[in-house]
Amino acid sequence: MPRSLPSAPLWSLRACWLLLPVVAGPAVADALDDRSRPVQLVGSGLAWGAWAVLLVAALVPRTVTLTVVRTVAPGAVALAAWSAIGPERAPWAAAGVVGAVVCTLLAFTPAVADAFVDGSSYGDERRVALRTPLAVAAGPAAIAWVLAAAGAVTGPLLLAAEHWVAGAVATAVGLPLAALAGRRLHVLSRRWLVFVPAGVVVHDPIALAEPVLLRRHVLRRVGPAEADAVERGAVDLTGGALGLALELRAAEPFPLARRQGRGTVEAAGADAVLVTPGRPAATLEIAAERKLPVT
């Protein structure tokens with residue numbers, strides 16, 4: 001598929017998000033109806049602002065906008081769920097929850113991730129996204145998202161409710177905290193394989209201190225990881241991510257600077273690395289198109 005043509009899941013995400021106010025908007029408006037007028041205005045403004053930000057981000061697929069999409073979309077689920085809680089809520093409020101969940105699931109599909117990260121490619125490059133390790137997604141990433149969401153909305157809502165001191169403190173602390181958490185989340189969007197004319201680059205700021213280039217002339221194998229790959233010297237960079245791991249094996253050892261906590265561990269004799277792309281079959285197709293040794 002030409003790079004200039006977005007994938008079908010990306011178009012589905014755009015259409016889903018465009019229609020979400022129609023599905024979820026009435027329930028949110030109804031839930032805000034019993035609040036004070038300032039809270040209604042601020043709450044509606046935050047919701048519409050987030051919707052507009054994600055829509056623009058979805059129209060400009062880049063690595064940065066992938067972070068925006070994956071940070072904002074789960075917030076729609078939280079807002080739709082809140083608007084559906086309560087005995088007086090309309091039964092159709094559940095439709096808003098379903099719509100928000102569908103949009104969020106689309107935002108986290110591997111095909112959408114590939115479309116966004118490849119949007120930041122330049123020259124004769126192809127980028128494919130790596131899966132987020134499960135332990136990172138369920139732990140640090142989830143905590144960072146909660147901090148980002150709470151930091152962005154708590155202060156303005158408290159100020160709208162005329163809790164001036166608490167609102168001022170929450171705004172002063174929350175907005176910088178949200179920015180910091182957003183930068184942490186952005187690291188997850190910057191994990192990819194880059195196919196370049198010289199070979200393939202493993203770019204993973206979580207596992208590696210610096211990207212690693214496996215040059216075309218030393219690559220011996222690109223393919224599904226064998227059961228004894230680690231025993232045969234492969235360095236596991238998957239972080240326990242779910243999905244099929246691929247093995248990139250070289251004919252000669254290459255330097256590898258791994259992250260370990262806040263430090264760096266040099267593995268000067270690495271023969272191979274294991275990675276988990278979001279779409280392993282598509283990744284192998286790209287490698288074959290680049291005439292790399294796919295087996």
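## Ala270 and its contacts

Ala270 touches Val235, Glu252, Pro253, Phe254 and Leu256, leaving aside residues up to four places away in sequence, where contact means heavy atoms within 4.5 Å. Phe254 is 16 residues from Ala270 in sequence, and the two are 5.5 Å apart in space, C-alpha to C-alpha. Ala270 lies in strand E10 (residues 270-275), helices (H or I, at least four residues) and strands (E, at least two) being DSSP runs numbered from the N terminus. Ala270 counts as buried because its relative accessibility is 3%; buried means under 20% relative accessible area, exposed over 50%, and partly exposed in between, with a 1.4 Å probe and protein chains only.

This is a predicted model, in which local features need pLDDT of at least 70 and side-chain atom pairs count only at pLDDT 80 or more, while totals for chains, interfaces and linings use all residues. Residues are numbered from 1 along each chain as its sequence is written, and side-chain values use heavy atoms, with hydrogens and water left out.

## The protein as a whole

The protein has 8 helices and 10 strands, and its C-alpha trace spans about 70 × 40 × 35 Å along the principal axes. Of the 295 residues in the protein, 42% are buried. Among contacts between residues at least 6 apart in sequence, 67% join residues at least 24 apart.

## Helix H6

Helix H6 (residues 134-160) has 27 residues and reaches 38 Å from its first C-alpha to its last, close to the 39 Å expected at 1.5 Å a residue, the expected span being 1.5 Å times one less than the number of residues. A kink of about 35° in H6 is centred on Ala141, the bend at a residue being the angle between axes fitted to the seven residues ending there and the seven starting there.

Ala141 is also one of the buried residues of H6, which are Gly139, Ala141, Ala144, Ala148, Gly151, Gly155 and Ala160. These buried residues pack against helix H2 (37-59) and helix H7 (164-189). Just after H6, Glu162 takes a positive phi of about 70°.

The largest pocket holds about 1,400 Å³ of space. On a 1 Å grid over the protein atoms alone, a cavity is a set of points where a 1.4 Å probe fits but cannot get out, whereas a pocket is an open set with protein on both sides within 12 Å along at least five of seven lines, and lining residues have an atom within 4 Å of a point. The lining of the largest pocket comprises 41 residues, of which Leu46, Ala47, Ala50, Leu79 and Val153 lie nearest the centre. Helix H1 (8-32), H2, helix H3 (63-84), H6 and H7 each supply at least two lining residues, and H3 gives the largest share, 11 residues.

The second largest pocket holds about 700 Å³ and is lined by 26 residues, with Arg70, Phe108, Thr132, Ala137 and Leu188 nearest its centre. Two or more residues of this lining come from each of H3, helix H5 (110-119), H6 and H7.

## Helix H8

In helix H8 (residues 280-289), the buried residues are Pro280, Ala282, Thr283, Leu284, Ile286 and Ala287. Their cover includes strand E1 (126-129), strand E2 (192-196), strand E5 (219-224) and strand E7 (246-254). Just after H8, Lys291 takes a positive phi of about 60°.

Notes
Grid points are joined across faces, edges and corners, and a volume is the space filled by probe spheres set on the points.
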